[in-house]
Amino acid sequence: MKIYHLPKGILIKEQESYYLNTQQSWDELVNQDNLYTRIKEQLPELEKVENPDAYLSKKILAPIGSQEVWGSGVTYYRSRDARMEEAKDAGGGDFYDRVYDAERPELFFKATHYRVVGTNDYVRIRKDSSWDVPEPEMTLFISSSGQIQGYTLGNDMSSRSIEGENPLYLPQAKSYTGSTAIGPCLYLAEQALPKSTEIKLQIKRAGETVFSGETSIDQIKREFTELVDFLFRECDFPQGVYLMTGTGIIPSHDFTLQSGDEIFISAEPIGTLVNRVK
């Protein structure tokens, strides 16, 4: 099941049928346990949509209401190596090796809801950064009770030059206007996503591919439930929360984003999150 957040309503796709919910806000709809089953039970009461392209061809909002977005770091071996490399000149390289092996994961605040953009919208690179990359991430939606209810894709824009100066600069490298995109929808299923699920990244510049890569979520060292457990230990989230689970696709140190670049992050069965750099 896919749930699309529209300017006026919520479009729900179940198998090959579409339904429109204009009676509930995003928060009211999604912050429920057993979310897939509950929404499926509502479908007979909703308006069936015969022409979904009339909605999907227009602006699709990020699948978020008033939730926060958090991030997880150094969950992939590839991310550990890249972060050690970028921080070694600042003397912080071994921090990331220690985090990768530690019991406690790295968790950080990424964005308030109003700083999050959706598919076909613009992300930004900081004016005071010289090395910037997108980080494609499987992103969990977690209800206020701490249960994983669904999945979406995340674009964790990162200023590697700033974080590389000093690991304490992580908040400035990660959290700023236009640094966070999620979408294109919230995906729900009765079962958890298989660990073989692949995430793909493609970056185009002037129509030409300048970077591509892929990984799978079985390369993540930590279980999703482990990350959620640490996130909820001393935080409450009244409307639920989104958690980016880390990246295993990182462009080489000689690549940096430029204004006008197009970023495509894909995973089936969720779809493709598309952003352009402003």
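Where does glutamate 135 lie?

Modeller: Glutamate 135 lies in the loop between strand 9 (132-133) and strand 10 (136-142); strands here are DSSP runs of E, at least two residues long, numbered from the N terminus. A word on the source: this is a predicted model, in which local features need pLDDT of at least 70, side-chain atom pairs count only at pLDDT 80 or more, and totals for chains, interfaces and linings use all residues. Residues are numbered from 1 along each chain as its sequence is written, and side-chain values use heavy atoms, with hydrogens and water left out.

With a relative accessible area of 10%, glutamate 135 is buried (buried means under 20% relative accessible area, with a 1.4 Å probe and protein chains only). Its side chain makes a polar contact with the side chain of serine 158, at 3.1 Å. Such a contact is a pair of N or O atoms within 3.5 Å; within protein, one must be able to donate a hydrogen and the other to accept it, and residues adjacent in sequence count only if both atoms are side-chain atoms.

Who else is around? Setting aside neighbours within four places in sequence, glutamate 135 is in contact with Gly154, Asn155, Asp156, Ser158, Lys174 and Thr247, where contact means heavy atoms within 4.5 Å. Finally, glutamate 135 and isoleucine 265 are 130 residues apart in sequence, and their C-alpha atoms are 9.1 Å apart in space.

A polar atom of the threonine 152 side chain lies 2.7 Å from the backbone oxygen of cysteine 185.

Definitions and conventions: Helices (H or I, at least four residues) and strands (E, at least two) are DSSP runs, numbered from the N terminus. Buried means under 20% relative accessible area, exposed over 50%, partly exposed in between (1.4 Å probe, protein chains only).
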